[in-house]
Amino acid sequence: MINVLFFAQIREVTGVDKLAFDATDGLTADALRQQLLTRGDKWRLALEDKNVLVAINQTLSGWETELKSGDEVAFFPPVTGG
């Protein structure tokens, strides 16, 4: 099982703070994102932006990173300071 977390605007737009996914061989962070995009307009609005960041097990990661059972995947927008 992969635990997926959503933060900030992504959580606000989708109305979801977390989901659980079955781990499948070869599933990458981007493939997971692509699966989420098929859930509808609000998911596409929240996750199709190329600026969305992904962290796996609390470490900023690349979209090509393969996922495994027990991983925690977090999607969040870039953070800027002021």
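Which residues does Phe 6 touch, not counting residues up to four places away in sequence? Phe 6 touches Arg 11, Val 16, Asp 17, Lys 18, Leu 19, Leu 36, Trp 43 and Phe 75, where contact means heavy atoms within 4.5 Å. This is a predicted model, in which local features need pLDDT of at least 70 and side-chain atom pairs count only at pLDDT 80 or more, while totals for chains, interfaces and linings use all residues. Residues are numbered from 1 along each chain as its sequence is written, and side-chain values use heavy atoms, leaving out hydrogens and water.

**The nonpolar core**
- The largest nonpolar core has 20 residues, and Phe 6, Leu 32, Leu 36, Leu 47, Val 73 and Phe 75 touch the most other members.
- Such a core is a set of buried Ala, Val, Leu, Ile, Met, Phe, Trp, Tyr and Cys residues joined through side-chain atoms within 4.5 Å.
- Buried means under 20% relative accessible area, exposed means over 50%, and partly exposed lies in between (1.4 Å probe, protein chains only).

**Helix H2**
- The buried residues of H2 are Ala 29, Leu 32, Arg 33, Leu 36 and Leu 37.
- Seen down the helix axis, these buried residues fall within an arc of 145 degrees, so they line one face of H2; the arc is that of the directions from the helix axis to the C-beta atoms.
- Their cover includes E1, strand E2 (18–21), H3, E3 and E5.
- Helices (H or I, at least four residues) and strands (E, at least two) are DSSP runs, numbered from the N terminus.

**Strand pairing**
- E3 and E5 run antiparallel and are joined by 4 bridges; Ala 55 has Ala 74 in E5 as its bridge partner.
- E3 is also joined to strand E4 (residues 59–61) by 3 bridges, again antiparallel, with Ile 56 opposite Thr 59 in E4.
- Two strands pair if DSSP finds at least two bridges between them.
- E3 and E4 form a hairpin with 2 residues between them, and Asn 57 in the turn has a positive phi of about 55 degrees.

**Salt bridges**
- There are 3 salt bridges in the structure, each a side-chain nitrogen of Lys or Arg within 4 Å of a carboxyl oxygen of Asp or Glu.
- Asp 41 pairs with Arg 44, with the closest N and O atoms 2.2 Å apart; being 3 residues apart in helix H3, they are separated by about one helical turn.
- Lys 68 meets Asp 71 (3.3 Å, N to O); Lys 68 is exposed at 53%, but Asp 71 is buried at 3%.
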